Amino acid sequence: MAASMGGMFLLRALRNPNLTFCRYGHKKKWATTLPKVTCSRLALQYYDNNYSLQFGDLWPSIRIGLLSEQKYGALINNYSRNEAVIENLTSLNATDFLCEAYEIMAQSQAPEVVEDTENISADAFPCETHSTEQEKGSILTTANLTCCTYPRGDISRFPPARSDIFGLLEYYLMDAASLLPVLALNVQPEHCVLDLCAAPGGKTLALLLNNCSYLAANDDSISRCKRLRRVLQSYIPQELRTEDRVRVTSWDGADWPEEGVYHRVLVDAPCTTDRHSLLEEENNIFHRMRTKERQMIPLLQTMLLVSGLRAAAPGGEVVYATCSLSQLQNECVVERALELAASEYGVHAEIKNLRSFRDVFRNTFNFHTNCRIGELVVPHLTANFGPMYFCKLLRMR
């Protein structure tokens, strides 16, 4: 029967050579094996279209850095046997970049160079204050951190951290540029500190290792808070993780209930996480199902920064940070947050100048020199840290 049916189709084809069979026609909805554009590919297309305009001739080198393996630093755990750990890392040709920066700062005898305002309009942020020599010195003299990195051009990996006899890990591997917002915060022992978007915990750990006597660590995701707690348990002794020193919450950071309480506030806001978006498919913000979420990121960041400004006490300082290159998520968010905080809540703040970071950390990081507001570390093959944007704000009233 099947053979006779096949013969009938063949006979019809011979009689009518223009005849086509629908069953062999291509229908897009049937083609489930067609290649799909990955999230990372969409991210790269988006960055090429936008960052090529933002960075111009610098974009190709930044692009290569983003697509290459990220460089890490080893943040030494002060509560572990850190002298032996530093000795072991030094034998691997790693050095403490904070110590090197301090030497640069100490050896510099030249007067402070007035910042180049060629690319900044005369009326752009007249409230931005110039850094004094005293402020420069406070970057590191009050720091209690040690972070080892490999020299420029050295892409060696650090070995996994081991536990000491007390079960605490010896060091935490992180992007060394992530320490810059912590240093900019300039925490003193008597300060009450809020980390508004704390997970996964690298900057939170750095704050606890750096003179912080009380820290409120918050993240609105319960699962990310669990990860944060695991980090603290792995590095901080149990007797120092008491409620009177560190409090972990999962509240909505954009609607923070405490106002005018904290001396220092860190707003490490959610962003497009540029490097992750280019290299990982899992939890990628460029997934088609997350388009609206991605478009709403600058609004969320603005709300978080306004919340952070309100949480700071008058005279307190707020550092805003992202791991994105986007001006829409960086400078524009700071501008809008300052406007909203003043108009809606009567909270006024001024931008602090962090240009001295470029000179102090010039041997370790590559800074973008045309940032209107704040500072931006850009990836480069010779020192593939970042991206890391950070901006410091002083609440006036």
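# A guided tour of the predicted model

Among contacts in the protein (heavy atoms within 4.5 Å) between residues at least 6 apart in sequence, 76% join residues at least 24 apart. This is a predicted model, in which local features need pLDDT of at least 70, side-chain atom pairs count only at pLDDT 80 or more, and totals for chains, interfaces and linings use all residues. Residues are numbered from 1 along each chain as its sequence is written, and side-chain values use heavy atoms, with hydrogens and water left out.

**The whole chain.** Begin with the entire protein in a cartoon display. The protein has 14 helices and 12 strands; these are DSSP runs, numbered from the N terminus, with helices being H or I of at least four residues and strands E of at least two. Of the 397 residues, 49% are buried, where buried means under 20% relative accessible area, exposed over 50%, and partly exposed in between (1.4 Å probe, protein chains only). The protein exposes about 20,500 Å², of which carbon and sulfur atoms supply 54%; accessible areas come from the Shrake-Rupley method with a 1.4 Å probe, and for residues only the protein chains shown count as cover.

Select β2 (95–96) and β4 (171–174), the edge strands, each of which pairs on one side only. They belong to an open sheet of 4 strands in the order β2-β3-β1-β4, with antiparallel pairing; two strands pair if DSSP finds at least two bridges between them.

**Strand β9 and its partners.** Move to strand β9 (residues 312–322), where 9 of the 11 residues are buried. Strand β8 (residues 262–268) runs parallel to β9 and is joined to it by 6 bridges. Within this pair, Val-267 stands opposite Tyr-320 in β9. Now show strand β12 (residues 388–395), which is antiparallel to β9 and is also joined to it by 6 bridges. Lys-392 in β12 is the bridge partner of Val-319. As a general point, side chains in a regular strand alternate between the two faces of the sheet.

**Ser-277.** Select helix α10 (residues 274–279) and find Ser-277 within it. Is Ser-277 buried or exposed? Ser-277 counts as buried because its relative accessibility is 0%. A polar atom of its side chain lies 2.5 Å from the backbone oxygen of Thr-272. Leaving aside neighbours within four places in sequence, the residues in contact with Ser-277 include Cys-39, Ser-40, Ala-43, Tyr-47 and Phe-286.

**Asn-186.** Turn to the loop between α7 (179–185) and β5 (192–195), which contains Asn-186. Asn-186 counts as buried, at 16% relative accessibility. Its side chain makes a polar contact with the side chain of Gln-188 (3.1 Å); such a contact is a pair of N or O atoms within 3.5 Å, and within protein one must be able to donate a hydrogen and the other to accept it, while residues adjacent in sequence count only if both atoms are side-chain atoms. Select Asn-210 as well: it is 24 residues from Asn-186 along the chain, and their C-alpha atoms are separated by 9.1 Å.

**Leu-299.** Finish at helix α12 (residues 297–311), where Leu-299 is found. With a relative accessible area of 45%, Leu-299 is partly exposed.
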